[in-house]
Amino acid sequence: MQATTFALADSMRRLGTESAFVVLARAKALEAQGRDIIHLEIGEPDFNTPEHIKEAALRSLAANRTHYTPASGTLELRSTIAEYVNRTRGANVGIENVVVSPGAKPMIACVLMALLNPGDEIIIPDPAYPAYRSIATYVGAVPVPVPLLEARDFRFEISALEAAITPRTKMLVLNSPHNPTGGILTPQDIVQIADIVRKNDLLVISDEIYNSHCYDCDFSSYYGLAGLPERTILIDGCSKAWAMTGWRLGYGVMPSYIADAVGALILNTVSCTATFVQDAAIAALTGPTGPVEAMHAEFLRRRDLLVSGLRDIPGVTCRMPGGAFYVFPNTSAIDSDDIALANALLDDGGVAVLGGSTFGRYGRGYLRLSYANSEDNLRAALSRMKALFARYRN
Ligand SMILES: Cc1ncc(COP(=O)(O)O)c(C=O)c1O
């Protein structure tokens, strides 16, 4: 029988991808062939989820909490999140402002779908986490990149941000600590950005998913410091702070009419987030902070090891990232084609990393390395990189 194929929706051509998952699949395929690969590509803590959170999930399952919940989340979790955000950001939100989703990524997608019309412009840092651009383009909006430059420790140049605003600009995306560079916004940046936002009547998505991972100073929350509640959507979740990437628990905090729209999108797609996962999230948000502090201390040691090792490799420069668990070395002196270099590292060096340009064109000439891996593996990866780059240069 002749195979029949049907045309995909035109909108599929506008959907992007996420290189971390693509490279992970390639690295796994090489491992299946017997190759020894060090994984520095995927952005997830390598620690186990803390025991008290797993125990809460087990208790929930034992109590048969295995049915649907309201689309926007259980009242218990939404009120826990509201209290948590009020405590950690000095905000004054209630459950009507909170929507729960299976991971922060679907929350980003739902917020963009709920707010952007075709032709609306959305300012996105470049480089950036790929989902913002992908979904904005998917809905027909126009992503406007504003560069985050190494010379400014990957923070916005305020004048470049202002220059990117047009009468069609509806929204601005902030992400601090930042994926992929590890850059952080200072309190002064935040005040200046908030002025621009107010003056130009913009909405802001403040993606603060890495807020537990700030190393040299306390975390400065846009939402807490300047996030005007009527024009800011906070994105956060359990994935990165409590090593819960596979549980799928994220949330958004926003004006209640936007929360209703986002809840309607959740209802029409995934129905709700798994009940026992929501119960476990309450344990995460209200439980002991020791496990997060232990992960933080370990990440800090690894960051320092990786940055000093990278700075030792001829041809590589590397800023000290203030947050998240990524470093973003400049490897343009080895090869300005970061994708080719990342491929060579994987194929010939057995180290999986991401090319910086997969996060935007200003990422060209950089690599993203995640240090969610053991110190031994980081040392081994550094020596493989050093050896490969020496061969590559000759
Ligand atoms: C900046 C940023 N936002 C959101 C997410 C999504 O997190 P989640 O695993 O909760 O969907 C990620 C994941 O890598 C991220 O880097």
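Which residues in α2 meet which residues in α10?

What you have open is a predicted model, where local features need pLDDT of at least 70, side-chain atom pairs count only at pLDDT 80 or more, and totals for chains, interfaces and linings use all residues. Residues are numbered from 1 along each chain as its sequence is written. Helices (H or I, at least four residues) and strands (E, at least two) are DSSP runs, numbered from the N terminus.

**Stop 1: the opening pair of helices**

Select α2 (residues 51-62) and α10 (residues 275-286). Here's the answer: H52, I53, A56, A57, S60 and L61 in α2 meet T275, F276, V277, D279, A280, I282, A283 and A284 in α10. Being in contact means that two C-beta atoms, placed from the backbone, lie within 7 Å. That contact has 10 nonpolar, three polar and one charged residues. For the classes, Ala, Val, Leu, Ile, Met, Phe, Trp, Tyr, Cys and Pro count as nonpolar, Asp, Glu, Lys and Arg as charged, and the others, Gly among them, as polar.

The axes of α2 and α10 are 8 Å apart, at an angle of about 145 degrees. Axes are lines fitted to C-alpha atoms, for helices over the stretch in contact, and angles run from 0 to 180 degrees between N-to-C directions.

**Stop 2: the two domains**

Now colour 10-48 + 290-393 as domain 1 and 67-286 as domain 2; these bounds come from an automatic or database domain assignment. Their centres, taken over C-alpha atoms, are 25 Å apart. Where they touch, 33 residues of domain 1 are in contact with 34 residues of domain 2. On the domain 1 side, α11 (290-311) and β10 (326-327) each give two or more residues, and α11 gives the most, with six. That side divides into 15 nonpolar, 11 polar and seven charged residues.

**Stop 3: the sheet**

Show the strands next. You'll find an open sheet of eight, in the order β2-β9-β8-β7-β6-β3-β4-β5, with mixed pairing. Strands pair if DSSP finds at least two bridges between them. At the edges stand β2 (98-101) and β5 (155-156), each with a single partner strand, so one side of each has no neighbour in the sheet.

Zoom in on β8 (residues 232-237) and β9 (residues 250-253): they run antiparallel, joined by four bridges. D236 faces Y251 in β9.

**Stop 4: another helix pair**

Pick α4 (residues 104-115) and α5 (residues 130-138), whose axes come within 9 Å and cross at roughly 35 degrees. K105, I108, A109, L112 and M113 in α4 meet A131, Y132, I135 and A136 in α5. The tally there is eight nonpolar, no polar and one charged.

**Stop 5: the ligand and some backbone details**

Click on the ligand. Of the 13 residues around it, G103, A104, K105, N179 and S239 come nearest; a residue is near a molecule if its C-beta atom, placed from the backbone, lies within 6 Å of it. The shell has three nonpolar, eight polar and two charged residues.

From N179, step along to P180: the peptide bond between them is cis, with omega near 15 degrees. P180 lies in the loop between β6 and α7. P177 is in the loop between β6 (169-175) and α7 (187-199), and a cis bond joins S176 to P177, with omega about -10 degrees.

Finish at F154, in the loop between β4 (142-149) and β5. Its phi is near 60 degrees, a positive value in a residue other than glycine.
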